[in-house]
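Please look over the sequence and the structure shown here before reading on. The report after them is meant for a reader who meets this structure for the first time.

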Amino acid sequence: MTNESQLRADIVEVGRRMYARGYTASNDGNISVRLGSDRLLMTPKSVCKGFMTPDMMCITDLDGRKLQGDRDPSSEMLMHLEVYRQRSDVQAVVHAHPPIATGFAVAGIPLDRAVLAEVLTTLGSIPIAEYATPSTRELPEAVRKYIKAYDGMLLANHGALTVGGDLYGAYYKMETIEHFAKISLVARLLGRENLIAREEVDRLQGLRGTYGIKAPAPICADPADALALLQAGDPALCQVVQAPEGGGQRLIPDDVALETGSAAPKPSAEAGEIRLTYRELSALIEDAIRSLR
Ligand SMILES: [Zn+2]
């Protein structure tokens, strides 16, 4: 199978999974991948993502001119083109309307709290790009503000957008966002959301290097740092995460060597502390890494 026919098949498969998981209804959503250095392979306008065939895809250039295909390219093509323009590292873009994450986007609540280690190490946080009329030039402008620092974002009153170094990487980030949204919703319904302390967020960020996780920008858990970047005129330079100053509380105690992973953390009686053994944490992170591959 050639690279192009493999990518056509991959788009069909990702569309099928998105539809099966309820991330899209009817003809919602769109998917694109880079085809070499100067072309894109993209889902067409007005088809259900659950029932696509490889021959339906369009090939366009990086300015959106159709080069091949019986159908017209996706109505959200401008948003895809903007992402590829801003991020030379991105190979694939996925857009869908997963209902729980989109609920947060409708409520205007970003998924930016330090709650789950695997989300912090992979996506950092998920901001909300300001509302823009779908399929117009307003939408790429709203996305442009965040795409340099984030691999995933909510689109206000619309849906979610994820990008990746390959198509499955971009798709799995969509799964992570919807999963994170579900967990956040349940925790908030239960009336309690214990946040991971700022020091621990910094430590988890260090694991990105250890596990070779690529992120477009560092996490910024200190509001003073985020404010300084904002005042410097470029809010896109860090992934803003809400995390409390924890007085040195950690999920992993200092005396557990990352290399061995054998020692269990000492129990702490401090109220409100989230406790995970190193094994539990590394299993979470390994899952996240697997999902990125
Ligand atoms: Zn949409």
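Predicted model: local features only at pLDDT ≥ 70, side-chain atom pairs only at ≥ 80, totals over all residues.

Residues are numbered from 1 along each chain as its sequence is written, and side-chain values use heavy atoms, with hydrogens and water left out.

**The chain as a whole**

The protein chain holds nine helices and ten strands, where helices (H or I, at least four residues) and strands (E, at least two) are DSSP runs numbered from the N terminus. Of its 293 residues, 50% are buried; here buried means under 20% relative accessible area, exposed means over 50%, and partly exposed lies in between, with a 1.4 Å probe and protein chains only. The accessible surface of the protein chain is about 13500 Å², and 52% of it belongs to carbon and sulfur atoms; such areas come from the Shrake-Rupley method with a 1.4 Å probe, and for residues only the protein chains shown count as cover. Contact means heavy atoms within 4.5 Å, and among contacts between residues at least 6 apart in sequence, 65% join residues at least 24 apart.

**The sheet**

Eight strands form an open sheet with mixed pairing, in the order β4-β3-β2-β1-β5-β8-β7-β6. Because β4 (66-68) and β6 stand at the edges with a single partner strand each, one side of each is left without a neighbour in the sheet. Two strands are taken to pair if DSSP finds at least two bridges between them.

| Strands | Sense | Bridges | Bridge partners |
|---|---|---|---|
| β1 (residues 30-35) and β2 (residues 39-42) | antiparallel | four bridges | S32 and M42 |
| β2 and β3 (residues 58-61) | antiparallel | four bridges | M42 and C58 |
| β1 and β5 | antiparallel | four bridges | V33 and A92 |

Strands β1 and β2 make a hairpin with three residues between them, and G36 in the turn has a positive phi of about 70°. Positive phi values also occur in residues other than glycine, including S26, with phi near 50°, and S46, with phi near 55°. S26 is found in the loop between α1 (3-20) and β1, whereas S46 is in the loop between β2 and β3 and counts as exposed at 55% relative accessibility.

**Two helices**

Helix α5 (residues 138-147) has L139, P140, A142, V143, Y146 and I147 among its residues, and these are buried. They cover an arc of only 160° around the axis, which puts them on the same side of α5; the arc is that of the directions from the helix axis to the C-beta atoms. The cover over the buried residues of α5 includes α2 (77-86), β6 (128-129), β7 (152-155) and β8 (159-164).

Helix α6 (residues 167-189) contains S184, which is buried with a relative accessible area of 2%. When its neighbours within four places in sequence are left aside, S184 is in contact with F104, L111 and E193.

**The zinc site**

Which residues coordinate the zinc ion? They are H95, H97 and H158, each through its NE2 atom, at 2.0 to 2.1 Å. Donors are N, O and S atoms within 2.8 Å of the metal (3.2 Å for Na, K and Ca), and since water is not among the atoms, sites may look incomplete. The donor residues are spaced H-x1-H-x60-H in sequence. H97, in the loop between β5 (92-96) and α3 (99-107), and H158, in the loop between β7 and β8, are 61 residues apart, and this pair links distant parts of the chain. H97 is partly exposed, with a relative accessible area of 22%, while H158 is buried at 10%.

**Two cysteines**

A disulfide is a covalent bond between the sulfur atoms of two cysteines. Here a disulfide is counted as a pair of cysteine sulfur atoms within 2.5 Å, and the count by this rule is zero. The sulfur of C220 has its closest cysteine sulfur in C238, at 3.7 Å, which is too far for a bond. Both residues are buried, C220 with a relative accessible area of 6% and C238 at 3% relative accessibility.
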